[in-house]
Amino acid sequence: MTETKKDFIDLTQFNKDELIFLIEDGINKKNISSKNGMASVDEDACAKDKILATIFEKPSTRTRFSFETAMYQLGGKTIYANMSDMQLGRGETIDDTAKVISRYVDIAMLRTNKHSTLENFAKNASIPVINGLTDKSHPCQVLADLITVKEKIGDIENKSYVWFGPANNMLTSWIHAAQIIGFELRICSPKDYSVDNNLVSGFPNITTDLDPNDAAKDCDCIITDTWFSMGEEDNDQKRKILEPYKVDAKKISMASSDAIFLHCLPAHRGEEVDADVIDGVNSVVWDEAENRVHAQKSIIRWCLS
């Protein structure tokens, strides 16, 4: 087993300088990438002769396409697998699967339900393992978000961010980023769907229990996500509770004049965000989605270095 293998599990494993490096590396590589085509290979080709296994328990658009494109641009190849089509679906353990996959490929990405599944896979794999999403966190997406912030408003640390909606895995990774970098993060969630206080206690730059009518005042970035996580049952009562937390034109108008709007997608116009916001001038969601490729490239490069 390679003792120095590097897994990308959560942002909490990085200090401030290391996280900033990943952000800036993604931007730098984006700026110098060849524009000849999406499958054109970067000059450094750091994944040449390498294979990435992308293993999915949850369906995906952005995660699958961005990782495959990233690997192509780094000079490598990918193998896609759905957990239900593997022997995992017939009872083989995640531990045994990790040991076998490690004999076939150089690096693996998992998009799975339980965070413990990812942890067990990483523990038993002899290759680097990337968290493509779990029920706990989504660090790849937040790295792409921070790349977008850096591109659009130039600074990350001295800006204020507001999260509208229920606590979820995306918010957890945003909290991790705020704890590491030190920026102001306002969490605007109803009490029924609020963040665990243990996750934010001791960090004065993170505030909770805010009034949705004024939480966005003078902020630099507004963030939201779907109200219902993948596989979660539709719930009209939850929708009613969350209605005041929808990002609408009024909330955008309260933010700073050059504020940006982020949403990791897929979006439900008219539910967590109004159409005139996500399709409006403050929205940078398409650049945000594109930056998933560059975030993945930065992560893969770090894992293989």
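Reply: Happy to! Let's start with helices H5 and H11, whose axes come within 8 Å and cross at roughly 115°. That makes H5 roughly perpendicular to H11, a label for angles of 65 to 115 degrees. Axes here are lines fitted to C-alpha atoms, for helices over the stretch in contact, with angles running from 0 to 180 degrees between N-to-C directions. Helices (H or I, at least four residues) and strands (E, at least two) are DSSP runs, numbered from the N terminus.

Before going on, a word on the source: this is a predicted model, in which local features need pLDDT of at least 70 and side-chain atom pairs count only at pLDDT 80 or more, while totals for chains, interfaces and linings use all residues. Residues are numbered from 1 along each chain as its sequence is written, and side-chain values use heavy atoms, with hydrogens and water left out.

Back to the crossing: H5 and H11 cross in a right-handed way, meaning that the near helix is turned clockwise from the far one by less than a right angle. On the H5 side, the residues in contact (heavy atoms within 4.5 Å) include Cys140, Leu143, Ala144 and Ile147. They meet H11 residues, among them Asn291, Ala295 and Ile299.

H11 also packs with helix H1 (residues 16-32): their axes come within 8 Å and cross at roughly 115°. This crossing is right-handed too. Here Leu22, Asp25, Gly26, Lys29 and Lys30 of H1 meet H11 residues including Glu290, Asn291, His294 and Trp302.

H5 and H11 are also partners of helix H2, whose buried residues pack against both, as well as against strands S1 (51-56), S2 (77-82), S3 (107-111) and S4 (129-133). Buried means under 20% relative accessible area, using a 1.4 Å probe and protein chains only. In H2, the buried residues are Thr63, Ser66, Phe67, Glu68, Thr69, Ala70, Met71 and Gln73. Because an α-helix has 3.6 residues a turn, residues three or four places apart point the same way.

How far should H2 span? At 1.5 Å a residue, its 12 residues (62-73) should span 16 Å, and its end C-alpha atoms are 16 Å apart, which agrees. The expected span is 1.5 Å times one less than the number of residues. After H2 comes Gly75, which has a positive phi, near 95°.

Methods: Buried < 20%, exposed > 50% of the residue type's maximum accessible area, 1.4 Å probe, protein only. Parallel < 35°, antiparallel > 145°, perpendicular 65-115°, else oblique.
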